[in-house]
2 protein chains.
Amino acid sequence: MAIAKTEAFSKKEQDLAAFAKALAHPARVAILKVLAGKDECVCGQIVEVLPLAQSTVSQHLTALKAAGLINGTIDGPRSCYCINWKAFEKFKHEFNSLFDNLQVKDQQRCC
Amino acid sequence: MAIAKTEAFSKKEQDLAAFAKALAHPARVAILKVLAGKDECVCGQIVEVLPLAQSTVSQHLTALKAAGLINGTIDGPRSCYCINWKAFEKFKHEFNSLFDNLQVKDQQRCC
DNA sequence: CTAATTCATCGTAAAAGTACGATGAAGTTC
DNA sequence: GAACTTCATCGTACTTTTACGATGAATTAG
């Protein structure tokens, strides 16, 4: 991409983009769905459910963790992940606050 | 990426991921913000606001349009874009419906 | 008709993302 | 300690994204 110019934008824009980026792959959406469906943290069962290799799933989990969407703890020989609800709440808030200044205008001039 | 396996996931997961992908760059978030702030559709003024070349902005606009987040019409020698509110409503719904089956469980077993 | 504008598209280059198998670390079990 | 399980990381390959300048199409202005 010839140098990503992310630093030229505001922090809010960067944060929202980073969150969206974490959701920008169906595998990661599917992982979050699985984690959300279980009442206790899951680890390698995710691999069984997804049509991806173990190493690829691990990469996606790392990406989600890096984005702060999930938490992970080591449980003996296995890794345990669960959803970070606070992060989702924060995203919801950011998402809404970014666009709520326009719900006012119902009139469309063009388009 | 060695063949994207998006087709192996459900349509809902793909849709949500596609929407997120469109938001997954600060420039596109900034564009949406600009479009949201104006009560009439803007075109090339976006280029003036963003720290990017005209061709790059045009690419981002094309991406947003392809994702269905904005509408575009040709207005003489210039192009006019505006936000597709229905798409955002749909996304909000998909986003919430994907994760609302877990607001139930407040107890965290681990993590 | 000519010149100037607005913008999309093309070509190109470099970075980032996605995927897999292989390897190895850490822990458990016997 | 030996064998096994579970998972992260490494190396690699290929695709996609991002970015820019250059070019050209379409419209307007003179």
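In helix H2(A), the residues A:Ala27, A:Arg28, A:Ile31 and A:Leu32 make contact with A:Val57, A:His60, A:Leu61, A:Ala63 and A:Leu64 of H4(A). By class, the residues of this contact between H2(A) and H4(A) comprise 7 nonpolar, 1 polar and 1 charged. The structure is a predicted model. The axes of H2(A) and helix H4 (residues 54–66) of chain A approach within 10 Å, and their crossing angle is roughly 75°. Angles of 65 to 115 degrees count as roughly perpendicular, and H2(A) and H4(A) are therefore roughly perpendicular to each other.

**Packing between the chains**

Helix H5 (residues 85–99) of chain A packs with helix H5 (residues 85–99) of chain B at an angle of about 170°, and their axes are 13 Å apart. Since angles over 145 degrees count as roughly antiparallel, this description applies to H5(A) and H5(B). The crossing of H5(A) past H5(B) is left-handed. On the side of H5(A), the contact is made by A:Trp85, A:Phe88, A:Phe91, A:Lys92, A:Phe95, A:Asn96 and A:Phe99. On the side of H5(B), the contributing residues are B:Trp85, B:Phe88, B:Phe91, B:Lys92, B:Phe95, B:Asn96 and B:Phe99. The residues of the contact of H5(A) with H5(B) fall into 10 nonpolar, 2 polar and 2 charged.

With a relative accessibility of 16%, A:Ala87 counts as buried, because buried means under 20% relative accessible area. Apart from neighbours within four places in sequence, A:Ala87 has contacts with A:Phe19, A:Gly68 and A:Leu69. The C-alpha atoms of A:Ala87 and A:Ile70 are 8.3 Å apart in space, while the two residues are 17 residues apart in sequence.

**Salt bridges**

Over all chains, the count comes to 4 salt bridges. Among them are the following pairs.

| Salt bridge | N to O distance |
|---|---|
| A:Asp15 and A:Lys11 | 2.9 Å |
| B:Lys33 and A:Glu13 | 3.2 Å |
| A:Lys33 and B:Glu13 | 3.2 Å |

The pair A:Asp15 and A:Lys11 belongs to helix H1 (residues 11–23) of chain A; its members are 4 residues apart and hence separated by about one helical turn. A:Asp15 counts as partly exposed at 26% relative accessibility, whereas A:Lys11 is exposed, having a relative accessible area of 61%.

The side chains of B:Lys33 and A:Glu13 meet in a salt bridge. B:Lys33 lies in helix H2 (residues 26–37) of chain B and A:Glu13 in helix H1 of chain A, so this pair joins two chains. B:Lys33 counts as partly exposed, at 32% relative accessibility, while A:Glu13 counts as buried, at 8%.

A salt bridge is likewise formed by A:Lys33 and B:Glu13. Here A:Lys33 belongs to helix H2 (residues 26–37) of chain A and B:Glu13 to helix H1 (residues 11–23) of chain B, so this pair also joins two chains. A:Lys33 has a relative accessible area of 33% and is partly exposed; B:Glu13, with 9%, is buried.

Terms used: Residues are numbered from 1 along each chain as its sequence is written. Chains are lettered from A and ligands numbered from 1 in the order in which they are written. This is a predicted model: local features need pLDDT of at least 70, side-chain atom pairs count only at pLDDT 80 or more; totals for chains, interfaces and linings use all residues. Side-chain values use heavy atoms; hydrogens and water are left out. Axes are lines fitted to C-alpha atoms, for helices over the stretch in contact, and angles run from 0 to 180 degrees between N-to-C directions. Angles under 35 degrees count as roughly parallel, over 145 as roughly antiparallel, 65 to 115 as roughly perpendicular and the rest as oblique. A crossing is left-handed if the near helix is turned anticlockwise from the far one by less than a right angle, and right-handed if clockwise. Contact means heavy atoms within 4.5 Å. Ala, Val, Leu, Ile, Met, Phe, Trp, Tyr, Cys and Pro count as nonpolar, Asp, Glu, Lys and Arg as charged, and the others, Gly among them, as polar. Buried means under 20% relative accessible area, exposed over 50%, partly exposed in between (1.4 Å probe, protein chains only).
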